[in-house]
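This report describes how a protein model is divided and what joins its parts. Look at the structure below before reading on.

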Amino acid sequence: LPLEQLNVFYGSEKLFSNGRYNRVKTVHFHEQYDHGTKYDLAVVEVKRKFDLTSASRPVEFGQEAFGENLLATVTGYGRNTVEGNMAFRLKYAQLTSLPDSQCREAMGEDYYEGVFCLDTSAGAGFCLGDYGGPAVFEDRLVGVGSYTVGGKCEAGLPDVFVDVGHFSEWVQSVLEAEPAETQ
């Protein structure tokens with residue numbers, strides 16, 4: 001999509017309702033992102049400050065790599081099944097991070113340093129429309145949803161998340177750079 005069509009929606013559990021929009025000024029993609037699944041991380045710069053309320057508050061950014069066997073909360077408006085419709089109410093699930101060895105095995109040659117996997121074998125997990133959404137642990141953003149192994153949600157295969165703590169130095173360098181010119 002062209003930059004002028006991108007908005008950040010926030011402040012409501014209902015999609016497109018009762019929330020606020022903030023126009024995107026620019027998107028800073030990780031320099032190793034190749035429009036595939038590796039290094040699927042970006043920093044979005046918005047045109048104005050967010051209006052914080054009881055329904056919208058910032059979370060701390062993870063500074064260290066996310067660990068194994070920890071319970072993360074994931075949220076999204078995505079589908080319940082590949083064939084299903086988008087949800088219009090924000091959904092959430094609590095998923096456990098898998099040991100690195102299981103993540104490597106599940107991802108195969110797609111594995112790279114800077115990702116972690118969440119266990120979806122109990123049935124809950126990300127689906128189409130959720131990717132790009134957060135994984136939060138103890139009020140700290142620890143991951144950004146990238147994809148589901150095998151490309152099919154609800155199949156019990158792990159969800160892959162970019163580990164924001166692993167990339168914290170890169171994110172900090174983007175945040176400390178000169179702001180983009182307003183278009």
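Which residue forms a salt bridge with aspartate 139? The partner is arginine 57, and the closest N and O atoms of the two residues are 3.6 Å apart. The model is a predicted one, and this distance is computed from it.

**Salt bridges**

Side chains of opposite charge can pair when their charged atoms come close. The structure holds 6 salt bridges. Two of the pairs are set out here.

| Salt bridge | N to O distance |
|---|---|
| aspartate 139 and arginine 57 | 3.6 Å |
| arginine 20 and aspartate 51 | 2.8 Å |

The side chains of arginine 20 and aspartate 51 meet in a salt bridge. This pair links distant parts of the chain, the two residues being 31 residues apart. Arginine 20 belongs to strand E2, which covers residues 20-29. Aspartate 51 sits in the loop between strand E3 (42-46) and strand E4 (60-61).

**Two domains**

The protein is divided into two domains. Domain 1 takes in residues 3-58 together with 168-177, and domain 2 takes in residues 60-166. Their C-alpha centres lie 18 Å apart. Domain 1 gives 15 residues to the contact, and domain 2 gives 21 residues.

How much area is buried between domain 1 and domain 2? The value is about 1,500 Å², and carbon and sulfur atoms give 55% of it. In domain 1, the residues that lose the most area to domain 2 are Glu13, Leu15 and Ser168. Together these three account for 36% of what the domain 1 side buries.

The interface also has polar links. Across it the rule finds 2 salt bridges, and 9 residue pairs are in polar contact between domain 1 and domain 2. On the side of domain 1 that touches domain 2, the residues divide into 7 nonpolar, 3 polar and 5 charged.

**Database record**

UniProt, in an unreviewed entry, places the feature "domain: Peptidase S1" at residues 1-176. In the model, the end C-alpha atoms of residues 1-176 lie 26 Å apart. The span is 10% helix and 31% strand.

How values were computed
Residues numbered from 1 in each chain as written. Predicted model: local features only at pLDDT ≥ 70, side-chain atom pairs only at ≥ 80, totals over all residues. Heavy atoms only, no water. Domains from an automatic or database assignment. Contact = heavy atoms within 4.5 Å. Buried area = accessible area lost by both parts, 1.4 Å probe. Salt bridge = Lys/Arg side-chain N within 4 Å of Asp/Glu carboxyl O. Polar contact = N/O pair within 3.5 Å; in protein donor to acceptor, adjacent residues only side chain to side chain. Nonpolar A, V, L, I, M, F, W, Y, C, P; charged D, E, K, R; others polar. UniProt positions renumbered as here; feature names shortened; annotations may be inferred. Helix = DSSP H or I, 4+ residues; strand = E, 2+ residues; numbered from the N terminus.
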